[in-house]
Amino acid sequence: QVQLVESGGGLVQAGGSLRLSCAASGRTFSSNAMGWFRQAPGKEREFVAALNWSGSRTYYADSVKGRFTISRDNAKNTLYLQMNSLIPEDTAVYYCAVSITSDSTRIYDYKYWGQGTQVTVSS
């Protein structure tokens, strides 16, 4: 059974940093794109960052570009999101996900999802 478990969320002041982790189990995803999405209250889930199967290509939403860094460790089957210079608008539940393709940022390509981790940024 495939399972994705996020960790690292929490409450942080504006300007602070958090590092999210997503541990995958049940199968390896070394051939799949992986990404982070987020959903704020009353809003639709939105793309945050993704990388292709090898990690050689990364993609970011304009709103987080230059502040967030996505990475993966295929040996550990783990995905990371380093978030710096956090702002209150970053407050959301963050989800890691695995695509059925090797390189995608489209939400409908992502089949496996974690339960999410709350990130709250206070002003």
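**Entry 1: the cysteines**

I started at Cys22. Is Cys22 buried or exposed? Cys22 is buried, with a relative accessible area of 0%. I noted that this is a predicted model, and every value below is computed from it.

Next I looked up Cys96. Cys96 is buried too, at 0% relative accessibility. I then checked the sulfur atoms of Cys22 and Cys96. They lie 1.9 Å apart, and the two residues form a disulfide. The cut-off for that call is 2.5 Å between cysteine sulfur atoms. A disulfide is a covalent bond between the sulfur atoms of two cysteines.

Which strands does the pair join? Cys22 sits in strand β3, residues 18-25. Cys96 sits in strand β9, residues 92-99. The two cysteines are 74 residues apart, so I wrote the bond down as a link between distant parts of the chain. I counted disulfides in the structure and got 1.

**Entry 2: the chain as a whole**

I went through the secondary structure next. The protein chain has 11 strands and 0 helices. Read from the N terminus, the elements run β-β-β-β-β-β-β-β-β-β-β. The radius of gyration is 13 Å, close to the 14 Å that the globule rule gives for 123 residues, so the chain is as compact as a globular protein of that length.

Along the principal axes they are about 40 × 25 × 25 Å.

How much of the chain is buried? Of the 123 residues, 43% are buried. I also looked at contacts between residues at least 6 apart in sequence. In that set, 58% join residues at least 24 apart.

For the surface, I have an accessible area of about 6200 Å². Carbon and sulfur atoms account for 47% of it. On charge, I noted 12 positive and 9 negative. Their mean positions are 6 Å apart.

**Entry 3: Ala14**

I moved to a loop residue. Ala14 is in the loop between β2 (10-13) and β3. At 42% relative accessibility, Ala14 is partly exposed; buried would need a value under 20%, and exposed one over 50%.

Which residues does Ala14 touch, leaving out those up to four places away in sequence? I listed Leu86, Pro88, Val121, Ser122 and Ser123.

**Entry 4: positive phi**

Most residues other than glycine have a negative phi. I wrote down two with a positive value.

Asn77 has phi near 55 degrees. Asn77 lies in the loop between β7 (68-73) and β8 (78-83). Asn77 counts as buried, at 11% relative accessibility.

Ser85 has phi near 50 degrees. Where is Ser85? Ser85 is in the loop between β8 and β9. Its relative accessibility is 41%, which means partly exposed.

**Entry 5: Ser54**

My last stop was Ser54. Ser54 is in the loop between β5 (46-51) and β6 (58-60). Its relative accessibility of 35% makes Ser54 partly exposed. I checked Ser54 against Ser102, 48 residues apart along the chain. Their C-alpha atoms are separated by 8.5 Å.

Conventions: Residues numbered from 1 in each chain as written. Predicted model: local features only at pLDDT ≥ 70, side-chain atom pairs only at ≥ 80, totals over all residues. Heavy atoms only, no water. Helix = DSSP H or I, 4+ residues; strand = E, 2+ residues; numbered from the N terminus. Buried < 20%, exposed > 50% of the residue type's maximum accessible area, 1.4 Å probe, protein only. Rg over C-alpha atoms; globule rule 2.2 N^0.38 Å. Contact = heavy atoms within 4.5 Å. Areas by Shrake-Rupley, 256 points an atom, 1.4 Å probe, with all protein chains shown as cover. Lys, Arg positive; Asp, Glu negative; His and termini not counted. Charge placed at Lys NZ, Arg CZ, Asp CG, Glu CD.
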